Amino acid sequence: MNQSSPETLSDTDTGHARAAELLRAAGLVAFPTETVYGLGADASDDRAVARIYEAKGRPSFNPLIVHFADLETLKLHVVWTPEAELLAQTYWPGPLTLVLKRQADSPISPLVSAGLDTIAVRLPAHRSARAVLRAFGGGVAAPSANQSGQISPTLAQHVMDSLGDRVDAVLDGGACTVGVESTIVGLIDKPVLLRPGGITEDQLAQTLGHHIAVRHKAEAISAPGQLMSHYAPDALVRLNATDWEPGELRLGFGEVDCDLNLSKTEDLVEAAAHLFDYLHRLDARGGKVIAISPIPHEGLGIAINDRLSRAAAPREG
Ligand code: TXA
Ligand code: MG
């Protein structure tokens, strides 16, 4: 179905209906969520899901998150638990993904979970995402809408730049407000924080009434999907820069002299919302190195530092 350039869909009932129609025809539709833009396909259609991996150039062992419009439909596909109920009631719709055991009779394509007997599910809060999911009716598999390993998209233009004619349509719903991907919590055995994100570790601990285990990077690399070099701009990335070297592109935080400032007032929410867009913008200037001010390692800063450390990680090839 790939045409030379993707359809641009408006953020209207007509646009949402067209998105659902394309999804039903095994198409790839990029749409905004509150975290980042997703590259959506019918999660129950093997061929559609395979097209996601192909379009992103994604290693097939890196599984996908399935998005739903409502909890009733979502629950048909996973084995629900009391902890899932507690987290769902507190944070859904919102930037949280839960990894649960797959229901034996779920029609979700096994390609979605790359052979695991679990499925990552999420109920996004973004109005346009919900409208598309409602119009479609079933689960939509959607990784971030960028080529594998590159910076995640927070604007429709980022999707066009990264995936262009590899998608059938892009729904333009403006800028994503959270700006980093959803927090992922595994609920297979005891709750484990698998990826830091829009909901912080402290929030989760408060809701669960106890400390939550955190999967550390060394283990995470060997686990599916937690590839180390990721979110990578073309330029090299230098972290925790307290001064600038000549010629560097300077991404600041706080009261510093720089090219772009994630948040002059050291507001981590504002910094997360700007993060990927500013990396895209500095990278587009074509310099060799992007240097980045230290970001406090607390609250949303943990998710920001996770993405930055992957952007700075040694690259393959
Ligand atoms: O905010 C988000 O989560 C965005 C928007 C579009 O919803 N999506 C997103 O998807 O970030 P993606 O594909 O870039 O990241 C999905 C992550 C991967 O790290 C993958 O390994 C993990 O979810 N994942 C998916 N299914 C899993 C499973 N069954 N078990 C463990 N991890 C899983
Ligand atoms: Mg991604």
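At what angle do helix α9 and helix α10 pack, and how far apart are their axes? The model is predicted.

1. Helix α9, spanning residues 268–284, packs against helix α10, residues 300–311, at an angle of about 20°. The two axes are 9 Å apart. Angles under 35 degrees count as roughly parallel, and α9 and α10 are therefore roughly parallel to each other. Their crossing is left-handed.

2. Which residues make this contact? From α9 come L268, V269, A271, A272, L275, F276 and L279. From α10 come L300, G301, I304, R307 and L308. Sorted by class, the contact of α9 with α10 has 10 nonpolar residues, 1 polar and 1 charged.

3. Helix α5, residues 127–136, packs with α1 at an angle of about 50°. The axes of this pair are 8 Å apart. α1 and α5 are therefore oblique to each other, and α1 passes α5 in a right-handed crossing. On the α1 side the contact is made by H16, A19, A20, L23 and R24; on the α5 side it is made by S128, A131, V132, A135 and F136. By class, the contact of α1 with α5 has 7 nonpolar, 2 polar and 1 charged residues.

4. How do α4 and helix α7 cross, and within what distance do their axes come? The axes of α4 and α7 (residues 201–208) cross at roughly 120° and come within 10 Å. That makes α4 oblique to α7. The crossing of α4 and α7 is right-handed. In α4, the residues E83, L86, L87, T90 and Y91 meet Q203, L204, T207 and L208 of α7. The contact of α4 with α7 divides into 5 nonpolar, 3 polar and 1 charged residues.

5. Around ligand 1 there are 24 residues, of which T35, H67, T118, S182 and R195 come nearest. For T35 a specific atom pair can be given: an N or O atom of the T35 side chain is 2.6 Å from an oxygen atom of ligand 1.

6. Which distances separate the polar side-chain atoms of N62 and S144 from an oxygen atom of ligand 1? For N62, a polar side-chain atom lies 3.1 Å from a ligand oxygen. For S144, a polar side-chain atom lies 3.2 Å from an oxygen atom of ligand 1.

7. Is the peptide bond from W92 to P93 cis or trans? The W92 to P93 bond is cis, with omega near -5°. P93 is placed in the loop between α4 (82–91) and β5 (96–101). α4 is also the helix whose crossing with α7 is right-handed.

8. Phi of A26 is near 65°, a positive value in a residue other than glycine. A26 is found in the loop between α1 (13–24) and β2 (29–32). α1 is also the helix that packs with α5 at an angle of about 50°.

Terms used. Residues are numbered from 1 along each chain as its sequence is written. Chains are lettered from A and ligands numbered from 1 in the order in which they are written. This is a predicted model: local features need pLDDT of at least 70, side-chain atom pairs count only at pLDDT 80 or more; totals for chains, interfaces and linings use all residues. Side-chain values use heavy atoms; hydrogens and water are left out. Axes are lines fitted to C-alpha atoms, for helices over the stretch in contact, and angles run from 0 to 180 degrees between N-to-C directions. Helices (H or I, at least four residues) and strands (E, at least two) are DSSP runs, numbered from the N terminus. Angles under 35 degrees count as roughly parallel, over 145 as roughly antiparallel, 65 to 115 as roughly perpendicular and the rest as oblique. A crossing is left-handed if the near helix is turned anticlockwise from the far one by less than a right angle, and right-handed if clockwise. Contact means heavy atoms within 4.5 Å. Ala, Val, Leu, Ile, Met, Phe, Trp, Tyr, Cys and Pro count as nonpolar, Asp, Glu, Lys and Arg as charged, and the others, Gly among them, as polar. A residue is near a molecule or strand if one of its heavy atoms lies within 4 Å of it. A polar contact is a pair of N or O atoms within 3.5 Å; within protein, one must be able to donate a hydrogen and the other to accept it, and residues adjacent in sequence count only if both atoms are side-chain atoms.
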